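This briefing sets out selected features of one protein model, grouped by topic.

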Amino acid sequence: MEFKQFSPSEILRPYIRHYYIFESDSSVGFEDTVFPSGDMEVIFNLGAGIWESMVDNKFHKTPQIELWGQITKPLAIRSTGRHTMLGIKFFTHSASYFFNDGIGVFNDHISDLADIIGSPAKALHQQLLETKDQQQRISIIERFLLQRLIANEKKSHRVDKVANILTSIRKNPAESNLSAVALRHGITSRYMHKLIYQHTGLSPSSFTKINRFQFSLKLIAKNNQPLTAIAYNCGYFDQSHFIKDFKSFTGVTPSAYLDNASLVNLMLAQ
C-alpha cells in the first residue's frame, strides 16, 4: 500500500486541506472502520477494486466518485481488489463553496457525486481515468475546483464567517462555552448554530466534540501522557466522559485505540 499527499495551489490553499493518492497492489480483501474527522472528502476511484460501506447493517458498494459527508459515528467499510484512489480533503467549512445543497444532507453517507452535480463529475472522472501522471491528475482536479469556486463566489462572506468561528473553537480544544464564542463574533448562539450547520453539516457542539476527539488522537498517538491528563487537556471534566465520547466515535476505548489504528484512519486523520 502507498499513500501520498499533495498540497493545493496557492489560490486553493484556503479551501483544500490536501489531495492524496492511495494505491494498493494487493487483491487481498480487508475490513476497517472509519472515524469522524470533521472534514468532507471527494474520492475518485481509478482502479479495478471495489469498496463497500455499511448501511443499515448491510454492506453496499460505494460509487466510483464518492462524496463523503460528515461522518459522526463509526462507519464500517471493506475492500476487495486493487485500488488507485485520488482524494480531495476539504477544510471543515470549505466543502460548502463547491456544492449547492445544504451540507447536512450528506451526513453519514457516501453519496455519488454524479447524482449531485451531474455530467461534470462524470466528465472529470473520465479525464482522470485517461491521465496516468499524478501531477496532471491534480492539475485537472484544480481546474475543476476553481470553476466551481468562481461559480459560487456569492457564498464567500458567510463561509468566511464560519471559518473564523471554527478557528476560534479549534484553537482551544477545551473551549466549552459556545455562547461566549458567539458573543465574540457578534452573533447569537442560535444564529451561530444555523450558520455552522448549514455550511459544515455539524452543530457547534458536534464540531467541538469531534475537534476534541481529533486532538485526543494526536495526544494518544504520542503515548506520553496518562488518559486522565489527555482528558483534561481536551476539555473534559473527568475521564469517564472522555471515554464515552471517544467510544461513540470509534467503537473502542482510548486505551484500545492504538491496537486498532489502521492505514485508512491514519489517512483520514491527516
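In this predicted model, six strands form an open sheet with antiparallel pairing, in the order β1-β2-β9-β4-β7-β10. Strands β1 (2-6) and β10 (110-112) stand at its edges; each has a single partner strand, so one side of each lacks a neighbour in the sheet. On average, and with direction ignored, neighbouring strands of this sheet are turned by 25° against each other.

- Phe 44 has Leu 86 of β9 standing opposite.
- Helix α2 (residues 119-130) packs on the sheet and touches β4, β7 and β9. The direction of α2 makes about 55° with that of β4.

- Strands β3 and β8 run antiparallel, and five bridges join them.
- Glu 31 has Arg 78 in β8 as its bridge partner.

**Packing of α4 with α6**

- Two packed helices are described by the angle between their axes and the distance between the axes.
- For helix α4 (residues 156-171) and helix α6 (residues 189-200), the packing angle is about 105° and the axes are 10 Å apart.
- The two helices, α4 and α6, are therefore roughly perpendicular to each other, given that angles of 65 to 115 degrees fall in that class.
- On the α4 side, the contact involves Arg 158, Val 159, Lys 161, Val 162, Ile 165 and Leu 166. These residues meet Met 192, Leu 195, Ile 196, Gln 198, His 199 and Thr 200 in α6.
- By class, the residues of the contact of α4 with α6 comprise seven nonpolar, three polar and two charged.

**Packing of α7 with α9**

- The axes of helix α7 (residues 204-222) and α9 cross at roughly 95° and come within 10 Å.
- From α7, the residues Lys 209, Ile 210, Phe 213, Ser 216, Leu 217 and Ile 220 take part. Their counterparts in α9 are Phe 242, Asp 245, Phe 246, Phe 249 and Thr 250.
- The residues of the contact of α7 with α9 divide into seven nonpolar, two polar and two charged.

**Gln 239 in helix α9**

- Gln 239 belongs to helix α9 (residues 239-250).
- The relative accessibility of Gln 239 is 27%, so this residue counts as partly exposed.
- Although Gln 239 and Thr 228 are 11 residues apart in sequence, their C-alpha atoms are 5.6 Å apart in space.
- When neighbours within four places in sequence are left aside, Gln 239 is in contact with Leu 227, Thr 228 and Ala 231.

**Gln 70: a buried loop residue**

- Gln 70 is placed in the loop between β7 (65-68) and β8 (75-80).
- Gln 70 counts as buried because its relative accessibility is 0%, the cut-off being under 20%.
- The side chain of Gln 70 reaches two backbone oxygens: that of Gly 38 at 3.0 Å and that of Thr 200 at 3.1 Å.
- With neighbours within four places in sequence left aside, the contacts of Gln 70 include Gly 38, Asp 39, Met 40 and Thr 92. Also among them are Phe 106, Asn 107, Asp 108, Thr 200, Gly 201 and Leu 202.

- Most residues other than glycine have a negative phi.
- Asp 56, in the loop between β5 (50-55) and β6, has a positive phi near 55°.
- The relative accessible area of Asp 56 is 70%, so this residue is exposed.
- Asn 57 lies in the loop between β5 and β6 and has a positive phi near 65°.
- Asn 57 is likewise exposed, with a relative accessible area of 72%.

Note on methods. Residues numbered from 1 in each chain as written. Predicted model: local features only at pLDDT ≥ 70, side-chain atom pairs only at ≥ 80, totals over all residues. Heavy atoms only, no water. Helix = DSSP H or I, 4+ residues; strand = E, 2+ residues; numbered from the N terminus. Buried < 20%, exposed > 50% of the residue type's maximum accessible area, 1.4 Å probe, protein only. Polar contact = N/O pair within 3.5 Å; in protein donor to acceptor, adjacent residues only side chain to side chain. Contact = heavy atoms within 4.5 Å. Axes fitted to C-alpha atoms, helices over the stretch in contact; angles between N-to-C directions. Parallel < 35°, antiparallel > 145°, perpendicular 65-115°, else oblique. Nonpolar A, V, L, I, M, F, W, Y, C, P; charged D, E, K, R; others polar. Pairing = 2+ DSSP bridges.
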